[in-house]
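Notes follow in the order I made them.

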Amino acid sequence: MLEAQGKSDLLNQVRSVLPSYASCIYIRQAAPLGLGHAVLCAQPALVRSLLVHLADDLIKSEVACLRQMADVYESKRASVLGVQVVPRSDTDKYGIVAVEADKSAYEPCEQHH
C-alpha cells in the first residue's frame, strides 16, 4: 500500500525494522487471558522453537542476552527463562517466578551496565 501511494521513505523505514532473513506472522489472542495463553495461541504456527521477548526492560551486554539464551537452549534442549531480581515492593509490576532448582544450573546473562 505504501509503495502504491508513492511513500517510499516510509516504506523503507518500515522495511528496515526487520532484517531481510526474518519474517513475522501475527496471531490474534481473542481474549486477554495472559501471556501463557497467548503463547499457546501461537502453537499451531510453530515449526521449531519459540522465542517470546517482552521489551519492557533492555539488557546491555557484550553478547546479546537473547543470543546467550538461544545458545543455552541449543546446548540443553530445554526451556530457558530470563529473569531479574526486583525489590519485593515492585513485585506487583512483574511476572514472578520461584525457583527450586540446583543453583549450579543457572547461567546468568553477562550484563554490563
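What share of the 113 residues of the protein counts as buried? I got 8%, with buried meaning under 20% relative accessible area, exposed over 50% and partly exposed in between (1.4 Å probe, protein chains only).

I noted the ground rules next. This is a predicted model, where local features need pLDDT of at least 70, side-chain atom pairs count only at pLDDT 80 or more, and totals for chains, interfaces and linings use all residues. Residues are numbered from 1 along each chain as its sequence is written, and side-chain values use heavy atoms, with hydrogens and water left out.

**Elements.** I found three helices and zero strands. The order from the N terminus is α-α-α. Helices (H or I, at least four residues) and strands (E, at least two) are DSSP runs, numbered from the N terminus.

**Salt bridges.** I searched the whole structure and got three. The criterion is a side-chain nitrogen of Lys or Arg within 4 Å of a carboxyl oxygen of Asp or Glu.

- Asp71 pairs with Arg67 at 3.1 Å, N to O. The two are four residues apart in helix 3, so about one helical turn separates them. Asp71 is partly exposed at 39%, and Arg67 is partly exposed at 44%.
- Glu74 pairs with Arg77 at 3.3 Å, N to O. Glu74 is partly exposed at 38%, while Arg77 is exposed at 55%.
- Asp90 pairs with Lys93, with the closest N and O atoms 3.0 Å apart. Asp90 is partly exposed at 22%, and Lys93 is exposed at 59%.

**Arg77 backbone.** I looked at Arg77 again. Its phi is positive, about 55°, although Arg77 is not a glycine. Arg77 sits in the segment after helix 3.

**Surface patch.** I logged a nonpolar patch of Leu35, Leu46, Leu50, Val52 and Leu54, with about 420 Å² of accessible area together. Patch members have over 30% relative accessible area and no salt bridge; like charges are joined within 9 Å, nonpolar side chains (Val, Leu, Ile, Met, Phe, Trp, Tyr) within 5 Å. Areas come from the Shrake-Rupley method with a 1.4 Å probe; for residues, only the protein chains shown count as cover. Leu54 lies in the loop between helix 2 (35-42) and helix 3 (65-76).

**Pocket lining.** Which residues line the second largest pocket? I listed Leu18, Pro19, Tyr21, Ala22, Ser23 and Cys24. A pocket is an open set of points on a 1 Å grid over the protein atoms alone, where a 1.4 Å probe fits, with protein on both sides within 12 Å along at least five of seven lines; lining residues have an atom within 4 Å of a point.
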